[in-house]
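Q: I have just opened this one and would like a walk through it. Can we go topic by topic?

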Amino acid sequence: MITWSRLDRAAGGLAFDLGLYAVSAGFAAITAATSTLLPHRAWGAVAAWGYAAAAVAVLVQWLAGNRDPRVRAAIVGVAWVATAWLPMLIQSVERAGGRTDRAQEEVLVVEDGGGRLLHHGTPYLSDDTIARLPVDERLLGYLPYQPGMSLFGLPRAVAGDAWWTDARVWFLLVTTAALALAVALVRGPRVLRAVQLTTVLPVCALTVATGGDDLPVLALCLLSLALCARSRWGWAGVAAGLAGALKLFALPIVAVLLIHALTRRRFGRFALGAIGLPVLAVVPPLMRDPGALVDNVIGFPLGHGVVTSPAASPFPGHLIASGLPGGRLIAAGLLGLAGVVIAVWLVRRPPRTAAAAALFSGYGLLAAILLMPATRFGYLLYPVALLAWAAALRMSAGPEAPRDRVEEETGGRATAYT
């Protein structure tokens, strides 16, 4: 039986590399030819060549009998530049030159939020204000993110329409910095694979080039996990808190990490940043216009806005909600049931290692994404990256691992996380 571990190690990792890049090249080429979203087509037209070049480079390395991980790492880096950075920069330059089809809606929404934050003190518009906008502008009037996300729109609000003021450039800079710090903290044979699945996997590279707002959230969560693994609880809380100040999607991961910190008797140090920063982020808009904050961050994602979210990827939750009588209630019930099961599991077997917390977060978010009535295919980058980093964290020689193993063994329970 072929296991993931054997597949991952085949030919020193080169077999999986070659398959990933070859399949990704095909996906990018198909996207360039068939996607109905113009930013996606533009990404595919550039990324297909990057993936193809990476596949050729891996094949040459394999045939030369060279299994040096440093060469593999270099190929990953070049592939990320070719499939994420380069398409994003091309689209940013073309957009600055007047093209209106070179960014997804979330880029415009974040930049508009930055402008409102600069000029009005809050990035949000109330439902009443959005209802008075022209019909085709109402969807873009919503900012369904935490207030911190609007900071990425400030460069454009301050300096105008230039390629470097595009919110995607700043999304990617923060993502790169957070991932670099995480890699520096995590050592072991699985780190390269984890980085690969967080950067050059098409669901990640496409998101970077066309939208990008999820990547800094994910990267900060991964950094928090890496800091937890090194018992740097104060900084781990800061990284988790920054993620939570950007997007509510990070809060389930933050909640798992709070339980993990509790098992390590470091709850206070971690919670100071993890809870304090998201709370501080909402104070200014809450004081300015609390109704607008609720309308955008809670009401709109739950389907109670002036317009509804276009998120409609064909996952089970959406299919049930849209295809069955009373489907929305059924989907909500299934999602709630999954939440109860996850909560009970979290209480009964709290994660005692960063690897366990990553696994828990990855599987929990995967269940939520599949059962949510309205969701996006791109959200899969969260569970994919978390599960990949769980393996890297487990293999990393963190200071917490020996202590956790003793605690589990003396408690009479075996665990797969240490």
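**Notes on the model**

A: We can start with a cysteine: C221 counts as buried, at 1% relative accessibility. Buried means under 20% relative accessible area, exposed means over 50%, and partly exposed is in between, with a 1.4 Å probe and protein chains only. The model is predicted, so local features need pLDDT of at least 70 and side-chain atom pairs count only at pLDDT 80 or more, while totals for chains, interfaces and linings use all residues. Residues are numbered from 1 along each chain as its sequence is written, and side-chain values use heavy atoms, with hydrogens and water left out.

Q: Switching to charges. How many salt bridges does the structure hold?
A: There are 13, where a salt bridge is a side-chain nitrogen of Lys or Arg within 4 Å of a carboxyl oxygen of Asp or Glu. One of them pairs D17 with R72 at 2.7 Å, N to O. D17 lies in helix 2 (residues 14-34) and R72 in helix 4 (residues 69-96), so the pair ties together parts that are 55 residues apart in sequence. Helices are DSSP runs of H or I with at least four residues, numbered from the N terminus.

Q: Are D17 and R72 buried or exposed?
A: Both are buried.

Q: What does D214 pair with?
A: K247, with the closest N and O atoms 2.6 Å apart. D214 is in helix 11 and K247 in the loop between helix 12 (233-246) and helix 13 (251-263), so this bridge ties together parts that are 33 residues apart in sequence. D214 and K247 are both buried.

Q: Which residues do salt bridges with shared partners join into one network?
A: R95, E111, R156, D161, D166 and R168. Within this group, the side chains of D166 and R168 meet at 2.8 Å, N to O. D166 is buried at 0% relative accessibility, and R168 is also at 0%.

Q: And where is R156?
A: In helix 7 (residues 154-159). R156 is buried, at 10% relative accessibility. Leaving aside neighbours within four places in sequence, R156 is in contact (heavy atoms within 4.5 Å) with R95, E111, D161, A162, T165 and D166.

Q: New topic, the nonpolar core. Which residues touch the most other members?
A: Y21, Y51 and F270, out of 107 residues in the largest nonpolar core. Helix 11 (residues 214-229) gives the most to this core, with 13 residues. A nonpolar core is a set of buried Ala, Val, Leu, Ile, Met, Phe, Trp, Tyr and Cys residues joined through side-chain atoms within 4.5 Å.

Q: What does Y21 contact?
A: Leaving aside neighbours within four places in sequence, its contacts include Y51, A54, V58, I75 and Q196.

Q: Last one. Where does L319 sit?
A: L319 is in helix 16 (residues 316-323). L319 is partly exposed, with a relative accessible area of 47%. Beyond its neighbours within four places in sequence, L319 is in contact with P314 and L324.

Conventions. Helix = DSSP H or I, 4+ residues; strand = E, 2+ residues; numbered from the N terminus.
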